[in-house]
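Work through the exercises below with the coordinates open. Try each task before you read its solution.

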Amino acid sequence: MDLHLGMEEELTKSLWVRIKGRAGAGDIIVGVCYRPPDQGDRADEALYRQIGAASCSQALVLMGDFNHPDICWRDNAAERKQSRKFLECVNDNFLLQRIKEPTRKGAMLDLVLTNKEGLVGDVKLKGSLGCSDHEMVEFRILRAARRARSKLTTLEFRRADFGPFRDLLGRIPWDKALEGRGAQDSWLIFKGHLLQAQERCIPTKRKSSTNTKRPPWMNKELLGKVKHKKEACRGWKQGQVAWEEYRETVRAARDQVRKAKALIEISLARDVKDNKKSFYRYVSDKRRTRENAGPLRNETGDLDT
């Protein structure tokens with residue numbers, strides 16, 4: 001893969017390949033990188049330009065030993081200046097980091113980065129190979145010919161007609177309908193009438209995939225900036241846009257993204273007492289782990305209390 005970086009490309013220890021996709025599926029850019037612990041700022045900047053150019057592709061998988069042991073990926077923070085610059089590069093290019101455990105002596109040096117949710121899966125550490133003190137990382141690149149369209153439907157309450165809905169339920173003589181019924185039978189009768197009224201008065205729509213949900217700080221103007229950045233990157237790779245112009249476009253988009261993130265977080269923190277739901281939803285989306293409710297019945301089939 002040609003990233004058009006000129007002589008500075010020799011400063012980085014990286015290899016990039018393009019894996020051709022089948023009909024209906026795009027290509028995958030795969031990069032392997034080794035960043036020495038004592039690498040200088042000039043080589044780091046050349047590596048960041050490579051990552052920025054590769055991130056413009058539809059599917060990118062970048063792996064390697066980046067030697068940034070002070071980065072806390074859970075909190076998205078770092079102590080050293082070089083590590084903070086690397087984090088900025090990852091965030092500015094909307095990359096996802098998939099390694100969750102230390103890969104060498106308690107430090108997470110080896111990383112797997114991707115620009116597409118769901119592209120990398122089944123990440124496992126497989127122990128050391130030979131005399132190496134690094135853990136081997138095994139993962140799968142998940143591909144499909146095209147994204148499956150969701151078949152789930154959800155109620156569209158914005159278009160619901162609640163007047164007739166209330167009238168339909170209000171016409172039912174509930175005292176007579178539920179007379180002499182137990183709790184379970186009463187619930188089934190009520191549920192049946194409720195679903196009939198719902199079907200007549202509340203339309204449905206196809207539910208979009210959660211992967212397509214935009215972050216709360218992404219607005220129409222910012223989306224245009226990010227799109228313009230990708231177009232500039234494509235033009236630069238094809239030799240149609242100068243490096244200086246591309247750099248200014250990237251900086252403008254990056255500054256807008258950071259400003260939008262800061263504004264939404266300040267707003268949520270300021271209004272947390274009056275709008276707790278939005279605050280905790282934002283915090284929940286930031287969490288990398290999900291807590292699910294356990295089974296309500298034990299091994300004998302009895303309800304746990």
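The exercises cover strands, aromatic rings, cysteines, cavities and a pocket.

The model is predicted, so local features need pLDDT of at least 70, side-chain atom pairs count only at pLDDT 80 or more, and totals for chains, interfaces and linings use all residues. Residues are numbered from 1 along each chain as its sequence is written, and side-chain values use heavy atoms, with hydrogens and water left out.

**Exercise 1. The hairpin**

Solution. 
- Step 1: pick a facing pair. Gly 121 is opposite Arg 140 of strand 7.

**Exercise 2. Ring pairs**

Task: classify the pairs Trp 73 with Phe 86 and Phe 162 with Phe 165.

Solution. 
- Step 1: A ring pair is described by the distance of the centres and the angle of the planes.
- Step 2: apply the cut-offs. Rings of Phe, Tyr and Trp (its six-membered ring) pair if their centres lie within 6.5 Å; planes under 30 degrees apart are stacked, over 60 edge-to-face, and the rest tilted. The structure has seven aromatic pairs.
- Step 3: take Trp 73 and Phe 86. Their centres are 6.4 Å apart and the planes make 90 degrees, an edge-to-face pair. Trp 73 sits in the loop between strand 3 (60–65) and helix 2, and Phe 86 sits in helix 2, so the pair ties together parts 13 residues apart in sequence.
- Step 4: take Phe 162 and Phe 165. This pair is edge-to-face because the centres are 6.4 Å apart and the planes stand at 85 degrees. The two are three residues apart in helix 3 (residues 162–170), so about one helical turn separates them.
- Step 5: Trp 73 and Phe 86 are both buried. Phe 162 is partly exposed at 35%, while Phe 165 is buried at 13%.
- Step 6: Ring pairs link Tyr 48, Phe 66, Trp 73 and Phe 86 into a cluster.

**Exercise 3. Cysteines**

Task: how many disulfides are there, and is Cys 89 buried or exposed?

Solution. 
- Step 1: search for sulfur pairs (two cysteine sulfur atoms within 2.5 Å). The whole structure has zero disulfides.
- Step 2: look at accessibility. Cys 89 is buried because its relative accessible area is 7%. Cys 131 reaches 85%, so it counts as exposed.

**Exercise 4. Cavities and a pocket**

Task: which residues line the largest cavity, and which helix gives the most to the second largest pocket?

Solution. 
- Step 1: define the spaces. On a 1 Å grid over the protein atoms alone, a cavity is a set of points where a 1.4 Å probe fits but cannot get out; a pocket is an open set with protein on both sides within 12 Å along at least five of seven lines; lining residues have an atom within 4 Å of a point. Grid points are joined across faces, edges and corners, and a volume is the space filled by probe spheres set on the points.
- Step 2: take the largest cavity, of about 60 Å³. Its lining is Asn 91, Asp 92, Phe 94, Val 226, Lys 229, Val 250, Ala 253, Arg 254 and Val 257.
- Step 3: take the second largest pocket, of about 450 Å³. Among its 16 lining residues, Glu 45, Tyr 48, Arg 49, Val 250 and Arg 254 are the closest to the centre. Helix 7 gives the most, six residues.

Definitions and conventions: Buried means under 20% relative accessible area, exposed over 50%, partly exposed in between (1.4 Å probe, protein chains only). Helices (H or I, at least four residues) and strands (E, at least two) are DSSP runs, numbered from the N terminus. Two strands pair if DSSP finds at least two bridges between them.
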